[in-house]
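This report describes the fold, the domain arrangement and selected helix packing of a model. The structure is shown first.

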Amino acid sequence: MTNNTDIHEVASFLADYASHLLGCGATCIRIEKNTHRMAEAFGVESDISIMPTHIYVTACSKDAAHNGVAIRKTASCGINFNLNARLSRLSWEVADNRLDFATAVERFNKILETKPTGKWEVLFLTSFANAAFCRLFGGDPSAMLIVFISTLAGYRLKQIMLSDRRDVRLVFLCASFFSAALSAGGQLFGIGSTPEIALGTSVLYLIPGVPYINAVSDIIYKHYLCAFSRFADAAVLTACLTVGLCTGMLILGLKWF
Amino acid sequence: MSQSMITWCVIAGVLSIAFIIRAIEWYYTECHHSGRKPWHIIEIGKEREIFFVPGDLDDNDIEDF
């Protein structure tokens with residue numbers, strides 16, 4: 001890197017890269033390691049500050065003659081492990097294969113163009129996965145079928161409401177209410193021998209597991225602000241889920257214990 | 001049929017109707033209104049649609065500053 005313009009470009013690229021990693025559900029330690037790895041390969045010193053909604057990247061030349069700072073808002077790409085893995089692989093390609101800066105930017109832009117998994121695919125796979133959860137908790141085949149149908153309906157509702165840009169907390173509340181209410185049908189109509197397991201597992205697909213796990217990882221690596229932010233987000237969503245579930249049970253007159 | 005069963009049927013019915021309406025909207029938008037804004041039978045309006053003051057920008061205006 002020879003001049004200030006180059007350094008600014010590197011800082012901007014690293015900030016874009018880090019903001020997408022944060023947006024797609026990577027932990028802070030992964031973001032730090034990946035950006036430092038790439039900065040090292042580009043021959044610059046870098047420092048990164050990760051806030052819950054923003055990323056600050058500072059890059060400077062080895063002789064400290066030139067420097068640049070870039071700030072980016074966290075990309076709103078949703079949790080996406082495919083994107084996460086491909087972005088991480090890019091950092092290794094840059095470090096191991098010594099990709100030049102222009103090629104790295106080109107590959108980065110190509111990765112961002114990747115289409116997300118099809119919504120119908122995700123809908124059916126989530127429903128099957130939740131039915132499998134029901135089996136893990138001891139549900140019989142009829143309970144699994146009930147969970148499959150209630151998850152299918154609840155998740156579809158979630159997709160529709162999110163595509164309409166409704167508030168995510170309202171989305172979780174509505175999805176959990178309808179899933180719980182539908183699965184309560186097993187208990188009301190006396191279907192199968194484990195209707196209570198169907199009711200309990202029908203809302204498991206809404207548990208925000210990734211933010212909880214990432215919060216623990218961030219605490220371990222002392223990123224307390226991000227950890228607290230992720231934990232608070234996940235706790236709010238879990239509270240909405242609980243309200244939906246309890247409202248469903250209350251309206252249908254089911255026993256709590 | 002108990003009250004709980006009737007409530008369950010109402011909830012299931014409301015959700016089914018919502019999905020059917022959504023499917024009709026999707027069909028109408030895709031087949032008759034291609035390229036336009038999505039068409040909705042029922043929708044929650046935006047604040048600025050309710051409190052529109054002449055001179056406010058709307059979605060079709062181009063910001064030229």
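The sections below proceed from conventions to overall architecture, then to domains, helix pairs and the chain contact.

## Basis of the description

This is a predicted model, in which local features need pLDDT of at least 70, side-chain atom pairs count only at pLDDT 80 or more, and totals for chains, interfaces and linings use all residues. Residues are numbered from 1 along each chain as its sequence is written, while chains are lettered from A and ligands numbered from 1 in the order in which they are written.

## Overall architecture of chain A

Chain A has eleven helices and three strands; helices (H or I, at least four residues) and strands (E, at least two) are DSSP runs, numbered from the N terminus. The order of elements from the N terminus is α-α-β-β-β-α-α-α-α-α-α-α-α-α.

Along the principal axes, the C-alpha atoms of chain A fill a box of roughly 75 × 30 × 30 Å. Of its 257 residues, 40% count as buried, a residue being buried if 20 or more other C-beta atoms, placed from the backbone, lie within 10 Å of its own.

## Domains

Chain A is divided into domain 1 (4-112) and domain 2 (119-251), with bounds that come from an automatic or database domain assignment. The centres of the two domains, taken over C-alpha atoms, are separated by 34 Å.

Eight residues of domain 1 of chain A are in contact with nine residues of domain 2 of chain A; contact requires C-beta atoms, placed from the backbone, within 7 Å. The side of domain 1 that touches domain 2 comprises six nonpolar, two polar and no charged residues. Here Ala, Val, Leu, Ile, Met, Phe, Trp, Tyr, Cys and Pro count as nonpolar, Asp, Glu, Lys and Arg as charged, and the others, Gly among them, as polar.

## Helix packing

In chain A, helix H3 (residues 81-96) and helix H4 (residues 101-112) pack at an angle of about 170°, with their axes 10 Å apart. H3(A) is therefore roughly antiparallel to H4(A) (angles over 145 degrees count as such). Axes are lines fitted to C-alpha atoms, for helices over the stretch in contact, and angles run from 0 to 180 degrees between N-to-C directions.

Helix H5 (residues 119-136) of chain A and helix H6 (residues 141-163) of chain A pack at about 145°, with axes 8 Å apart. Their contact involves ten nonpolar, five polar and three charged residues.

## Contact between chains

Chain B contributes nine residues and chain A twelve residues to the contact. The side of chain B that touches chain A divides into six nonpolar, two polar and one charged residue.

Conventions: Angles under 35 degrees count as roughly parallel, over 145 as roughly antiparallel, 65 to 115 as roughly perpendicular and the rest as oblique. Two residues are in contact if their C-beta atoms, placed from the backbone, lie within 7 Å. A residue is buried if 20 or more other C-beta atoms lie within 10 Å of its own, exposed if 12 or fewer, and partly exposed in between; C-beta atoms are placed from the backbone.
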